Each structure stands twice: as structure tokens, then as C-alpha cells.
There are 2 protein chains.
Amino acid sequence: MSETHQNVRKMALADLRQEIRSGRYVSHTAGLGEGFLQTNLVIVPEAHALDFMRYCQRNPKPCPLVGVSDTGDPMMRTLGADIDIRTDVPAYNIYRQGRLEKSVTDIRDLWREDMVAFALGCSFTFERALHEAGIPVWHVENDTTVPMFRSSIETVPAGPFRGKMVVSMRAIDEARVEETVTISRRFPLAHGGPVQVGDPTAIGIADINRPDWGDPAPVAPGQVPVFWACGVTPQVAIEAALLPLVITHKPGHMLITDVPEDAEVPILTTRA
Amino acid sequence: MSETHQNVRKMALADLRQEIRSGRYVSHTAGLGEGFLQTNLVIVPEAHALDFMRYCQRNPKPCPLVGVSDTGDPMMRTLGADIDIRTDVPAYNIYRQGRLEKSVTDIRDLWREDMVAFALGCSFTFERALHEAGIPVWHVENDTTVPMFRSSIETVPAGPFRGKMVVSMRAIDEARVEETVTISRRFPLAHGGPVQVGDPTAIGIADINRPDWGDPAPVAPGQVPVFWACGVTPQVAIEAALLPLVITHKPGHMLITDVPEDAEVPILTTRA
């Protein structure tokens, strides 16, 4: 029987990882592993790894680099004592020739000696910080998925990787917008400060009630729509790159690391 | 006739770059290009670029990645409108088989189609912030080179790149240490917060008056020696890697970019 979100919510990190590794827990990770950094995942063959890493370095807001495996080594050694990237994410997306083929809960059969795994920061970190500051976010309060839009902002290309930036939207009370910007800028590994405050049309979003991914969320009177760079951006770049095989996490189903969320650098073995 | 530091100090950035490009200015860049990000430089063949980039990602304090060129492209396109890495650094160090062969002021004859250039953040940025906060730093006030030491802190290896972390020392008045830590943590692309506060022997430094690089600097009564990760660290890792050819900047002779020092991300084309 598979574990429910409610059951694993209070588990210690090591137990939670075992539930995910064993395939008993296959759902989303929002609210799990409290206090530890969660990440997006992209796995590409070494032949494209340098270009993908350059793409991340050139687009640090949508693609903040948090950890990179050695070629062919499935252990994410700088992010935890025992993280096997083939089993320790609840669900994966398999892309072939730039098209999503299927979602799976284990990639042991797909892992190859030439694979490189990239962990990229995610927005859960600054959402927790907003919550702690008493700044409510609608999709968190209502347990839906954040609304995401394909914006008109071009990312900086690298090799075959290119495309528009995907942004996520959170409606913030007007009086708290400045504070929200300041708080999110403190987390450069969780997309940093917003890329747009107000006017959705300025970044090519025609209808704020019709997100391209996730669920719609209302912008109440007195609120401002605030847009952040989103970790779905590399999935758009992967589609453009048309590679034979790329593996990512399934959106919302993140890697939970051993790195404290407030660590200055996301490296376990570096002195604080 | 070559330009002096005093002459170029007040030049506009574009003029200053022309002086450097033409070979008229070949000296150090401390205090030049005020308000613009300066960087360390490492150039390696593509065959080793992914490993070197992983080394930087795993050691973000000594090696904060600020820009990476396309393979074979000498223009640092994300750092400026017209930066040619073959000519726009005042002086370069040439390493062969891990040994410093010579220093030159131009590398047009050494650049190859398989070269990748890495720009890494440098400490000038947070030193300016300390200065603005009224926290004096001895080597700046006395126009000497910051004292640097080979510490006992191991860096996280990647491929052939490994070695001890090089640290720089600044003596800070005891009452201002906490503020100094806070200020420097605001600049993750300029080595971030210190790796050690006080006791040099805790990080393997036997004699604080005998730096391995740079000039000695006194620690006055009431002052604490504070140690930061240093951009000379990759040069030690390059020596260990024994590659046929690696090019770096000559210490102190940095690349001056078009990126404002206080930019949230070091990418010119990304929205703030």
C-alpha cells in the first residue's frame, strides 16, 4: 500500500527518503522534509552536460544550480550522505526527442554510465520564508499548484538549450509587496527576487486566469500579481533541445536533500 | 608608454577597457572601474571544462561562477557588450603541466577553438562594501596585497581538480566582526561570509605573519583575524590537475566587467 502525504508529513528525513526509495511514497513533496532544501532535477548525457550547465549559469533565476553529480555516479554526494538520484525522487518525467513520453517512479533501468544529474533550487524555500513572515500565498493556503505561465522573457541560450522563461505567480497584498521582494531576494538558490511586479501583459501574459501549468489563483482587490522565474523553465529548454533522452522530476515531486534550507551554500562538506 | 594606475583611475569603463586591450595598461585593477564587478579568470580546454565547472559549483566560496564563455568564443557575452577575454585582462599567467611558465599581457596567440573561459567572483566587491560601512581594511589603506594562506580546509574535488582552500586574511576590530560577517554574506559572488573567524591554527595556519602569497598585514590589539575563501584556490587546483595548458589572470590583474557590482545576478541580459 502506498503512503499518503498525511502519513509521511511528520517523518524524519531518513525515514521519508526510505519511503520514497522503496516506491511506497510516490506523491508530491510540498510541506515535507521541513527545513531541508528541495530541488528540481534534470538528467542529461555527458555530451550535453556542459551546455546544460552553461544554460543554468546564464539563467540563474529560473535554473539556480544547487548540485551536480559526477558523470555516471548516481549519488548526489554534495547534497546528502546517501542520496541515490535513481530512486530518491517520488516521480520522474521521461523526455525523448523533446517530448514527454511518460512518468515513472524509479529510473534504475534508464540510468547510464554517461549520465549527469543536475539539482536546481525550487520555490518551496522562499514560500516557507513568506509564510513565516505572515505573508499568505493563496495556492499554499488552498493546497493547489502554483499558477505558471510561459512569459515573453527570453532566456540566455547555451548550445541547444533555449526558450521563453516560465514564471510562477503569487498574488501579494499591496502593502507587503516590498517586503516580499526583499525576502525572496535573500534566497538566490530559490529563484531570488521576482522578475515582474504587477502588469502581466508586460511579460506577455494575456490572461492571468488561464495559467499554462498548475491551477488558477485569484488576485483579490488590493493585491498585486508578482511573478518569479520558475523551475519549469528548463523543461521548456529541454523540449527545444530535442535530445534523445532527458530525465527530470515530475513537477511538484522534488528531491529532498540533507542541506538545511538556510545554508549559505548548498554544499554539505564546505565549512559554513 | 604604458599608462599608470593613477592615470586610468578616473577613466570611463569603455576607455579603461581600450587601454587594457591595447596593452597600454598592464598593471593591477584594485580601485579601477568603480561600481563594476571584477572577476578572476580561468581558461581550460573543453575536455576539462565540465570537471572544472563542477569544481566551481562544489566550491562556491572560493570559486563563485560569474560567467562562462561558449567553447571557442572569446567574447564574454553575459558579462559585457564587448569583452574579448584574449586581450581585456591586463596580465595573464600561463600554466603548462601544472607549472607557471610565464606571465603575458595578451593571449591571442594561445587561444584555441576548444577553449572555455570561466570568470569567477573576487573579493574587491565586498571590500568596497566594508569600506562604505566604515570598516577599514589594512592592506587597502596601505596599498599592499592582501595576505593569503594555504589552509588545511580541503576543497570538494571534481575530476582532476582538488586541493586545499586558499584563504585571505583581513584583521577586523572586534566590535565590528559581526557586522563584517553580515556584510560579506550579502555577496555570495564575492566569496560570501568568512570561512574562519579568529584562531588561525584551527585552519592550519602556523604563522599569520608569513603568508604564502601577498604581503603580511598586522593584527592589532583588539582586532580579530578573519579569513575568507580566496580566488587563488583554483590556481592550486590547476597545479594539481597537471593539464597541458591552462591560462589564468595574473593575481590582482582582474577582468573588469560591465555588470554593476550590486546586480542581483551577474547576467547583463536577465531582467533585474
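How do β6(B) and strand β7 of chain B pair, and over how many bridges? Hold that thought.

First, the ground rules. This is a predicted model, where local features need pLDDT of at least 70, side-chain atom pairs count only at pLDDT 80 or more, and totals for chains, interfaces and linings use all residues. Residues are numbered from 1 along each chain as its sequence is written, while chains are lettered from A and ligands numbered from 1 in the order in which they are written.

Now the answer. β6(B) and β7(B), residues 164-173, run antiparallel and share four bridges. Strands here are DSSP runs of E, at least two residues; helices are runs of H or I, at least four residues; both are numbered from the N terminus. Two strands pair if DSSP finds at least two bridges between them. One bridge joins B:E154 to B:K164 in β7(B).

Zoom out. In chain B, four strands make an open antiparallel sheet, ordered β6-β7-β9-β8. β6 (148-154) and β8 (196-197) of chain B are at the edges with a single partner strand each, so one side of each has no neighbour in the sheet. Helix α6 of chain B, residues 177-185, lies across β7, β8 and β9 (223-229), at about 15° to β9(B). That angle is between N-to-C directions, from 0 to 180 degrees, with axes fitted to C-alpha atoms, for helices over the stretch in contact.

Next, chain A. In helix α2, residues 13-21, A:L16, A:R17 and A:I20 are buried. Buried means 20 or more other C-beta atoms within 10 Å of the residue's own; exposed means 12 or fewer; partly exposed is in between; C-beta atoms are placed from the backbone. Down the axis of α2(A), the buried residues fall within an arc of 100°, so they line one face of the helix. The arc is taken over directions from the helix axis to the C-beta atoms. The face turned away from the buried side of α2(A) carries exposed A:A14 and A:D15.

Finally, the two chains together. The contact takes 25 residues from chain A and 25 residues from chain B. Contact means C-beta atoms, placed from the backbone, within 7 Å. On chain A's side, α3(A) gives the largest share, six residues.

How do the copies relate? A rotation of 180° with 0.0 Å of shift along its axis superposes chain A on chain B, RMSD 0.0 Å.

Note on methods:
Two residues are in contact if their C-beta atoms, placed from the backbone, lie within 7 Å. Copies are superposed by least squares on the C-alpha atoms of residues with pLDDT of at least 70 in both.
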